[in-house]
Amino acid sequence: LEILSLTLKIVILLYLSGAGLTYLVLPKSLQKYALWIIPWFGTILIVSLGVYLSMIGFPMGKSSVYILAFSLCLFLLAVIKNRISISFKRSFLFVAVATIFIYLFNIYPLLTKVGYPTVISLGNLDPLAYTNTADYLIKNSVFGGNFDDPFSSILAGASDLVNYSYRWGSALIFSYFDVLLGTKTYSIFSILLNIYFALSYSLVFVLADILYKKKSFLLAILTFLTFGINSTLMYILYNVFFGQIVFVGLFILSIILFWTYTGEKTKTKFLSFNIYEFGIGLVLSVITTMYPEGFYFVLLPILFYYFVSFIKNKELLHIYKGFRITLFTFMLNPFTFIKTSNWVMRMFKVTTSDQKIGWENIRFAFPHEALGLYNLNYSRDLPLTVDLILVLLFIFIIGIGFFSIKRKLVLSGFMLIFGFLYLIFSVFVSNFFVYFRAMTYSSFLYTVLFGIGIVVLLKKINSNFLTFIVIAILSIASLRSAYRTWFQFYHHYRVVDNTLVSVTE
């Protein structure tokens, strides 16, 4: 009951924190998806304000109340301006039920085998850094900390995120909920992680829906099968990569905003304020303090789009738009922008050096494994002939999806940068772990295009029986693969148990 109670409280706080900003910033064409986007704008508001206040010396113990109050003021402003509107699409109920299912399915081991709110993991130790830093930032700011005290292990953990990787935003999210709910970070870590993963499925559906442009209930089912219960992503989830899970959600949101912006026919005036550019810049700015290594995966494809558009149309306006988005990103937080650039260079040197990878070996993934239809981590590799046949089939379907959407150039930049990463870290630098991370960053793109490709093909064939067969096959493959990863987690998890919790006293 405590786990479920905390879940409900966190979701309510996310919606309270994000509703006002969402309805004020979100373009009218995306308002119908507001219910799925609100928690992510709530996260953006918590992180951006939390970082600003911490940088000027306010710890989260004080600033959390100011952030919530500011959020409620924005909501009141949205009400006064008559911006609040709620619409329910045909697929709304399915997406809502699927989101709840994803959360309960993944939190089930914590609910039934552990029975109280705590950290549960397949073995990865990321919670050490996040929980220590979040607890530290409740009473301290991000500047001026002394991390050299040999008698305080929490300071050693906090120094990793505060002074080394600069992931302040990730820790401040926990601090925010800790203060408002009166909890310790360890007790909400797994709950919040699973909430974000479930909510990211909703964004994948939104992205698929706006790319396809036609109402399709089938698309909601397909994105659920290849993202919501994707065994490859569940491996990331169960190894509690908190920063990556939240980054992927923000990544999807940035593409949703960017795609919608490129379809707008209004011209940008030289000194005018553009809500799209501000929104994209805001998301990018938050990524710099949430998950710095993901920043250029978002910015570079956007700049690529405008550069190619300039080459095609010879209009300087395209360069100007790319510059404005970058400028908004920089102006919203120059410090984290600069630190991100330094961090990415450091990460590139580390990942391309010849050194042992401290992780269990993961084989390089084929498309059907990236989509979670065959288990990459806990199933034997298929015969090469079968793999190649499936690869050709899946590339064909994803290709159908890609050529069925408008403004293909928007997604081309994202697919090119990840294609480059796959090539570098599988052929030139044999680093299976970086390859795996890059593949899981981008798998939502293939989920969306695969789903659209299936829908287009089935519409052309127009056979209800064949549609049923395809959904049945994909459901069996996805659930079987997901169960294998879930089974490992259920029986072989590591947990912060009562004995360890008692040490904090």
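How exposed is Asp381: buried, partly exposed or exposed? Asp381 is partly exposed, with a relative accessible area of 45%. The cut-offs are under 20% for buried, over 50% for exposed and in between for partly exposed, with a 1.4 Å probe and protein chains only.

The model shown is predicted; local features need pLDDT of at least 70, side-chain atom pairs count only at pLDDT 80 or more, and totals for chains, interfaces and linings use all residues. Residues are numbered from 1 along each chain as its sequence is written, and side-chain values use heavy atoms, with hydrogens and water left out.

**View 1. Arg363 and Asp381 meet in a salt bridge.** The N to O distance is 3.7 Å. A salt bridge here is a side-chain nitrogen of Lys or Arg within 4 Å of a carboxyl oxygen of Asp or Glu. Arg363 sits in the loop between H15 and helix H16 (367-370), and Asp381 in the loop between H16 and helix H17 (384-403). The two are 18 residues apart, and the pair links distant parts of the chain. Helices are DSSP runs of H or I with at least four residues, strands are runs of E with at least two, and both are numbered from the N terminus. Arg363 is partly exposed, at 22% relative accessible area. A network of salt bridges links Arg363, Glu369 and Asp381. The structure holds four salt bridges.

**View 2. Arg324 pairs with Glu277 in a salt bridge.** Their closest N and O atoms are 2.4 Å apart. Arg324 belongs to helix H14 (residues 316-332) and Glu277 to helix H12, so the pair ties together parts 47 residues apart in sequence. Both ends are buried: Arg324 has a relative accessible area of 6%, and Glu277 has 0%.

**View 3. Glu293 forms a salt bridge with Arg167.** The closest N and O atoms lie 2.5 Å apart. Glu293 is in the loop between helix H12 (275-290) and H13, Arg167 in the loop between H6 and helix H7 (168-181), so the pair ties together parts 126 residues apart in sequence. Glu293 is buried at 12% relative accessible area. Arg167 also counts as buried, at 11%.

**View 4. The largest pocket holds about 1,300 Å³ of space.** Glu293, Met347, Thr351, Val434 and Arg437 are the closest to its centre, among 46 lining residues. On a 1 Å grid over the protein atoms alone, a pocket is an open set of points where a 1.4 Å probe fits, with protein on both sides within 12 Å along at least five of seven lines; lining residues have an atom within 4 Å of a point. Points are joined across faces, edges and corners, and the volume is the space filled by probe spheres set on them. Helices giving at least two lining residues include H13 (295-313), H18 (408-428) and H19 (432-461). H15 gives the largest share, seven residues. The lining has 29 nonpolar, ten polar and seven charged residues. Nonpolar means Ala, Val, Leu, Ile, Met, Phe, Trp, Tyr, Cys and Pro; charged means Asp, Glu, Lys and Arg; the others, Gly among them, are polar.

**View 5. The second largest pocket holds about 730 Å³ of space.** Of its 23 lining residues, Leu128, Thr131, Asn132, Val496 and Leu500 are the closest to the centre. H5, H6, strand S2 (494-495) and helix H21 (498-503) each give two or more residues to this lining. H5 gives the most, with five residues. By class, the lining of this pocket has eleven nonpolar, eight polar and four charged residues.
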